[in-house]
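Below is a brief report on selected features of one structure.

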Amino acid sequence: MASLNENYLKLQAGYLFPEIERRVKNFTAQYPQADIIRLGIGDVTEPLPPSIVKAFGKAVREMGKPKTFRGYGPEQGYSFLREAIAENDFKSRGANIDPSEIFISDGAKCDTGNIQELFSSSAVIAVTDPVYPVYVDTNVMAGRTGAFNKETGRYDRIIYLPCTEQNQFCPPFPKERTDLIYICSPNNPTGTILSKDHLKAWVDYAKENQSVILFDAAYEAYITDPEIPHSIYEIEGAKDVAIEFRSFSKTAAFTGTRCAFTVVPKKLAGETSSGEKILLHNLWNRRHCTKFNGVSYPVQRAAEAVYTKSGRKEVKSMISYYLENASLIRNALTEKGFKVFGGVHAPYIWLQTPEKMPSWMFFDQLLDKAHVVGTPGAGFGPSGEGYFRLTAFGSRKNIREALKRIKEKI
Ligand code: MLT
């Protein structure tokens, strides 16, 4: 028989969201009449905005005509999209990113999961706790961790940086030297943000310790305060130490359409065991060309439309809609006596469970009594225990109904 990658056997149960789905399925099998409202996985509910649909449709029609048909595109993405991103997402905010440093992909989940391939199996990684589970699980699969310790809720050989109410959900610096540090702002799951000063401190730390920051900015479009950085490259020197991940998923309703991008600056280097400096851009390019054939032409044209005048306006209004949902959730929960965090510059609301009840217990209670699905904080790491995540993605009607049920039944 073929021998297996036994690192997979270290993984805990199922991946968080399929596990939630499994529990909801069991519940609905028992109570088929229950009208379930899903505020669990962060999946958008509003449709693609009209300007995006128009560009998408036009590109599909081009693919149906001999003169405008296209086969394989450049693996790194078409220059029309890379240029639009460099101009609108970076240059406009004072960050100097060249289009050739941008790699178009089919998702930030894939990119944040795949990036670890560039680093040695002995590279030391640090993650915030709670954390988006992809960062941890992909390193477990790659054999970069020890076993899972059931008592601590942690994998050996991962450095956990607890983000708690006490430190305002800002990760403390690791005590040990680390090669890779995963940072997400606006944060999934806590919905909190890192200020310019915080990010600057992290860039300085990475420089001093020769670490690489893997910066996940998938939720940057939800930032409403102009003082909060959207990109780590707004911080001077970040191009020497950071890779950034972005996505059109939550920005422009692309969760089902799939388009994202990763910025790997051309200056950023790692080191071989013999001390030779190698550029990460070259390695990521090599990986991308070997394992990926690019995002489809119509999808890239649809993403390009996000940056048109009308596209920008439509996307902004969609994000405001979700942020209003977030505000309704925050207010209703606060009124009910819950302690709530996040939800101001992010589509996630992080709440403390009543008397810090175990988060899976609260999940069951919310499902049983209110027929509302959320995400247990423990699923994001040990510091998430006693907390719970609700998403602001949903129709206004469903959000209001969910809040009414929580008010009456919890
Ligand atoms: C989440 O709910 O945390 C997100 O939907 C996960 C993702 O974007 O992959």
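Thr 375 has Arg 389 of S17 as its bridge partner. The model is predicted. Strands S16 and S17 (residues 387–391) pair in the antiparallel sense, over 2 bridges. They belong to an open sheet of 4 strands, in the order S13-S14-S17-S16, with antiparallel pairing. Its edge strands are S13 (340–342) and S16 (375–376), each of which pairs on one side only.

| Strand | Residues |
|---|---|
| S1 | 37–38 |
| S8 | 212–216 |
| S9 | 242–247 |
| S13 | 340–342 |
| S15 | 372–373 |
| S16 | 375–376 |
| S17 | 387–391 |

**Helix H1**

S16 and S17 also meet a helix: the buried residues of H1 pack against both strands. Other partners of these buried residues are strand S1, helix H5 (133–141), helix H11 (359–370) and strand S15.

Which residues of H1 are buried? They are Leu 16, Phe 17, Glu 19, Ile 20, Val 24 and Phe 27. These residues lie on the same side of H1, because they cover an arc of only 160° around the axis. An α-helix has 3.6 residues a turn, so residues three or four places apart point the same way. The face turned away from the buried side of H1 carries exposed residues, Lys 25 and Ala 29.

H1 runs over residues 16–30, which is 15 residues. At 1.5 Å a residue, H1 should span 21 Å. The end C-alpha atoms of H1 are 22 Å apart, which agrees.

**Nonpolar cores**

In soluble globular proteins, nonpolar side chains tend to be buried together. Here the largest nonpolar core has 61 residues. Which of its residues touch the most other members? Phe 248 and Phe 254 do. Helix H3 (residues 79–90) gives the most to this core, with 6 residues. A second, separate core has 37 residues, including Ile 20, Cys 163, Leu 351 and Leu 366. Ile 20 is also one of the buried residues of H1.

Phe 254 has contacts beyond its neighbours within four places in sequence. Among them are Leu 48, Ile 52, Phe 248, Ser 249 and Cys 259. Val 299, Ala 302, Ala 303 and Val 306 are in contact with Phe 254 as well.

**A loop residue**

Glu 227 is found in the loop between S8 and S9. Is Glu 227 buried or exposed? Its relative accessible area is 58%, and the cut-off for exposed is over 50%, so Glu 227 is exposed. The C-alpha atoms of Glu 227 and Arg 246 are separated by 19 Å. Along the chain, Glu 227 and Arg 246 are 19 residues apart.

How values were computed:
Residues are numbered from 1 along each chain as its sequence is written. This is a predicted model: local features need pLDDT of at least 70, side-chain atom pairs count only at pLDDT 80 or more; totals for chains, interfaces and linings use all residues. Side-chain values use heavy atoms; hydrogens and water are left out. Two strands pair if DSSP finds at least two bridges between them. Buried means under 20% relative accessible area, exposed over 50%, partly exposed in between (1.4 Å probe, protein chains only). A nonpolar core is a set of buried Ala, Val, Leu, Ile, Met, Phe, Trp, Tyr and Cys residues joined through side-chain atoms within 4.5 Å. Contact means heavy atoms within 4.5 Å. The expected span of a helix is 1.5 Å times one less than its number of residues. The arc is that of the directions from the helix axis to the C-beta atoms.
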